[in-house]
Amino acid sequence: KLASRVGASLIKAANIPELVASDMVQYEEFMIRCVVDHDWYNNIKSRLNKQTRDLLPLFDTQRWVSNLEIGLLEVFRQQQLAKDDDAAVFRKCDIYIEDFDS
């Protein structure tokens, strides 16, 4: 199930949500269509060409790394706050990083 959710998330992030298969039968239908319907397949490929990839956050590695660095710095900051706390108890926390470039 996790792999299916990750795959669906990637497909949606690549801006081709119509390729998210609801079950294995539909997935097989998509794969067969890739082989027999060259126009459809080429249309999907063209939507993922370099020009499109440059516009999608999914492929923006620099932005992803920048946001990851912000998150790691926040984790470090939280850990330092816990060290400075009189109780010296590390607080359990979740870190959510907003996409600052969008």
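Residues 24 or more positions apart make up 45% of the contacts in the chain that have a separation of 6 or more, a contact being heavy atoms within 4.5 Å. The structure is a predicted model, in which local features need pLDDT of at least 70, side-chain atom pairs count only at pLDDT 80 or more, and totals for chains, interfaces and linings use all residues. Residues are numbered from 1 along each chain as its sequence is written, and side-chain values use heavy atoms, with hydrogens and water left out.

The chain has five helices and zero strands, and its elements run α-α-α-α-α from the N terminus on. Helices are DSSP runs of H or I with at least four residues, strands are runs of E with at least two, and both are numbered from the N terminus. Helix H1 has 12 residues, which at 1.5 Å a residue should span 16 Å, and its end C-alpha atoms are 16 Å apart, in agreement. The expected span is 1.5 Å times one less than the number of residues.

The accessible surface of the chain comes to about 8,400 Å², and 57% of this belongs to carbon and sulfur atoms. The areas come from the Shrake-Rupley method with a 1.4 Å probe, and for residues only the protein chains shown count as cover. Of the 102 residues of the chain, 13% count as buried. Buried means under 20% relative accessible area, exposed means over 50%, and partly exposed lies in between (1.4 Å probe, protein chains only).

Leu56 counts as buried, at 11% relative accessibility. Leaving aside residues up to four places away in sequence, Leu56 touches Ala13, Ala14 and Asn15. The C-alpha atoms of Leu56 and Ala13 are separated by 7.5 Å, although the two residues are 43 residues apart along the chain. Asn15 lies in the loop between H1 and H2. Asn15 is not a glycine, yet has a positive phi of about 65°, and is partly exposed at 48% relative accessibility.

A search of the whole structure finds four salt bridges. A salt bridge is a side-chain nitrogen of Lys or Arg within 4 Å of a carboxyl oxygen of Asp or Glu. In general, side chains of opposite charge can pair when their charged atoms come close. The table gives some of these pairs.

| Pair | Closest N to O distance |
|---|---|
| Arg47 and Glu18 | 2.4 Å |
| Arg63 and Asp60 | 3.7 Å |

The salt bridge of Arg47 with Glu18 links distant parts of the chain: Arg47 is in helix H3 (residues 38-47), while Glu18 is in the loop between helix H1 (2-13) and helix H2 (24-36), 29 residues apart. Arg47 is partly exposed at 29% relative accessibility, and Glu18 is partly exposed at 40%.

In the pair of Arg63 and Asp60, Arg63 is buried, with a relative accessible area of 11%. Asp60 is partly exposed, with a relative accessible area of 29%.

Arg77 and Glu74 both lie in helix H5 (residues 61-84), three residues apart, about one turn of the helix. An α-helix has 3.6 residues a turn, so residues three or four places apart point the same way. Arg77 is partly exposed at 40% relative accessibility, and Glu74 is partly exposed at 22%.
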